[in-house]
Amino acid sequence: MPQDAAARPEEREDCIPAARLQASGLSLQPSAHRDGLRLAQQCLYQFLAFVPPSNGSERKPGTATLMLDTQHPLTLLLNGSVADGELCKIQYHFGEFGNYSLVVKTLNTSTKSVSCVLVINEDPINSYLPILFAFLVYMGILAVLIVRRLFMKIDPVRNWVYKKLNPRETDRLINSEPGSPNAADPISSDPAPQLWSSAPRQRLRSLDTFRGLSLIIMVFVNYGGGKYWFFKHESWNGLTVADLVFPWFVFIMGTSISLSLSSMLRQGSSKWKVLGKILWRSFLLILLGVIVVNPNYCLGPLSWENLRIPGVLQRLGLAYLVVAALELLFTRAGAESGTLETPCPALRDILPYWPQWVFVLMLEVLWLCLTFLLPVPGCPRGYLGPGGIGDFGNYANCTGGAAGYIDRLLLGDKHIYQHPSSNVIYQTTMPYDPEGILGTINTIFMAFLGLQAGKIILFYKDQHKRIMSRFFIWTIVMGIISAILTKCSKEEGFIPINKNLWSVSYVTTTSCFAFVLLLLIYYLVDVKRLWSGAPFFYPGMNSILVYIGHEVFENYFPFKWKMQDTQSHAEHLTQNLTATTLWVVISYLLYRKKIFWKI
C-alpha cells in the first residue's frame, strides 16, 4: 500500500512504475505483503490508477504513471471491467528510485486472458551506501581516539603532552626540591589530568553509558534517522531500531531508582523526605513533558483546545512515581546487606519484595482485562489491530482497540496524538496516542524490571560473576515469555509485539534485549574496564538536558538546515548525524565543566 502523499508532502514515493496496458477500462491496485505470502493485517486493495483505452492501436497503448512506496513488498492487482474481474496479480519488492514498466498484453480476446511482465527501465539505487560511508567515518574517528589513548599511556609521550598543555606547572615541578609530592601537597601525585587517571571509579559508569546509548539513538531517530524505514517506528506490529530506545530508557530509569533510593536511605534521609522528592520529580517530568510536546507557545498559556496531554516525559514521570513509591514503601531493613533470611537464597533479590511483585502482577492483570474484555463501541472485543484499511477495512475506526478508546473517552480526541505511525500504511483517520493511558501500565512493568536489575547490582555488590549470571538468567526468562506470547512470529502470536500498544510481549522482548545489553556494557565498562563508556557516558550524565534540548532546538541551525535534495538519504543522514553528534559534544563540554541538570 502506498504512503498517502497528501498526508506526507515532504516525502516522495521512491519507485515510479508505469503501466502500459493494451486494453480499455483497467485499474491498477496495490496491497502490501510483509512476508510475500499473506497480507499484513489483511489490508484492502487501494486504487492507484485508471488506464485509458488504447483505441485498438497496438502502437499507442493506454498508459498510466504512478509512484509507489518501497518500504515493503507490494502486490499489484490488475482489474478489467466489473464483469472481467481480476486479470493478473504480481508480487514484487520495488527498489528505491527505480523505474519500472508493467507491460500487459492481451493474449486471447475470446477468453480475455492477458500476460503481465514487469520490466526494469532504470535500476534502483543502493540506498545503504550513505550508512556505510557514515559508519566508516565514525570508525575512523574511533580508531584515531584509540590510538591517541594508547599513546597517552606511554610516559614520555604523556609527559610531553602535559608539558605543552601546562608548561609553567611542569617547570615548577622540575625545579622543586627532589622527591615526589606527598599526600599533603596541593599537587596531585599523578601529573596527568583527571581525564587520563586510572583511579578506581566509584560510580557505575555502565548505567550512564547504557542511558546515554539509549538517549543518543533516540535523538537520532527523532531527528529523522536519515529517512530510513528501520530508523522509524513500526507502523503497527513488529520492531525496528526506533522501537527499542524508549523502553531501554525506561528500564535504566528503574535501575537508577533502586540505586538512588538505597543511597538516600543509607545517608539517613527519612522516607517522608524521599517521598517528597519523588513527588516533586514526577511533577516536574510531567510538566516539562506537556511543555515540550506543545511547542506552539505563541498561542498563549490558555490555549487548551488542542493541548496534547500524553507524551514521553509524562509517561516517564508516571512510571517513576509508581515504581519509586513502590520501592520506598516496601523497602526492608537488611535486605540489601544480605542479613535478611529468606527461604530460598537463590531468590534473595526477589522474595523479600514479594508485595511489589503482587502489585505489579495485579497491574498486568488489569491491563489484560481492559485490553481483551472492555467493550468498545463498534469494535470486536479484544481488538489489537490498526483499524483504517487493515482487517479488510471492517474496523476502520477501531485503531488501538481498548487503548485508543480509553484515551478518546477520558482525554478527548483533540488532546491526544493526531498523526500515529499507523496512518502511514493503514491510512487510519482516528487519532491515537502511543503514550496513552493504558500503555502506561506496561511502562511501569518495564521500569520495575529495570528496578530488579538495580537490586541485583546492590545485592551482589562486587560479585561480578553473580551479577552477570543473574542478568543472563533474566534475559533467558524474558526471551522465553516473549516466544510464548508471540509464537515467534510477527502477526500470529497471542499478543504481538507492538510499540503503539506497549503490549506485554513488547515489554518482555525489549527487556530481554535490555538485560543482555546491560550485561555486555557492565562487563566491558565496570568489570574489565576495556571501555570508558565514551562517548555515550557523557549524554547519559545529562540525559534530561539533552532530551529536552534536542526537542526544543530541533528546527534551529545548526541542528537543521535547508537541504538541496529532500529525497536524498545522504543529505538527511548527514543532517541527522550532525545534529546528534552536536548533542554528544555539548554533553561532553558540560561534563568537563561539571554542569549537570538534575530534577
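A nonpolar core is a set of buried Ala, Val, Leu, Ile, Met, Phe, Trp, Tyr and Cys residues joined through side-chain atoms within 4.5 Å. Buried means under 20% relative accessible area, exposed over 50%, and partly exposed in between, with a 1.4 Å probe and protein chains only.

The model on screen is predicted: local features need pLDDT of at least 70 and side-chain atom pairs count only at pLDDT 80 or more, while totals for chains, interfaces and linings use all residues. Residues are numbered from 1 along each chain as its sequence is written, and side-chain values use heavy atoms, with hydrogens and water left out.

**The whole chain**

Begin with the protein chain in cartoon view, which shows 16 helices and eight strands. Helices (H or I, at least four residues) and strands (E, at least two) are DSSP runs, numbered from the N terminus. Of the 599 residues in the chain, 47% are buried. A contact here means heavy atoms within 4.5 Å. Among the contacts with a separation of 6 or more, 71% are between residues 24 or more positions apart. Switch to a surface view: the chain exposes about 30,300 Å², of which carbon and sulfur atoms supply 64%. Accessible areas come from the Shrake-Rupley method with a 1.4 Å probe; for residues, only the protein chains shown count as cover.

**The nonpolar cores**

Next, select F210, F251, L313, L316, F471, W474 and L518. These residues have the most contacts inside the largest nonpolar core, which has 97 residues. Helix 11 gives the most to this core, with 14 residues. Now centre on L518, which touches L207, F210, F251, I252, A453 and F471, not counting residues up to four places away in sequence. A second, separate core comprises nine residues, including L66, L74, L76 and Y100.

**Helix 12**

Select residues 464-486. The end C-alpha atoms of this 23-residue helix are 33 Å apart, which agrees with the 33 Å that it should span at 1.5 Å a residue. The expected span is 1.5 Å times one less than the number of residues in the helix. Display the side chains of the buried residues of helix 12: I467, M468, R470, F471, W474, T475, M478, S482, L485 and T486. Their cover includes helix 8 (354-373), helix 11 (437-459) and helix 13 (504-527). Beyond the helix, K487 follows with a positive phi, near 55°.

**The cysteines**

Which cysteines are paired? The structure holds two disulfides, a disulfide being a pair of cysteine sulfur atoms within 2.5 Å. Select C88 and C116, which form a disulfide with their sulfur atoms 1.9 Å apart. This link is left-handed, with -85° about the S-S bond. The pair links distant parts of the chain, 28 residues apart: C88 is in strand 6 (residues 86-92) and C116 is in strand 8 (residues 113-122). C88 counts as buried because its relative accessibility is 12%.

Move to C379 and C398, whose sulfur atoms are 2.0 Å apart in a disulfide. The torsion about their S-S bond is about -100°, so this disulfide is left-handed. Both cysteines lie in the loop between helix 8 and helix 9 (402-410), so the pair ties together parts that are 19 residues apart in sequence. C379 and C398 are both buried. With the bonded cysteines numbered in sequence order, the pairing is 1-2, 3-4.

Finish with C488 and C512. Are these residues buried or exposed? C488 is exposed, with a relative accessible area of 67%, whereas C512 counts as buried at 13% relative accessibility.
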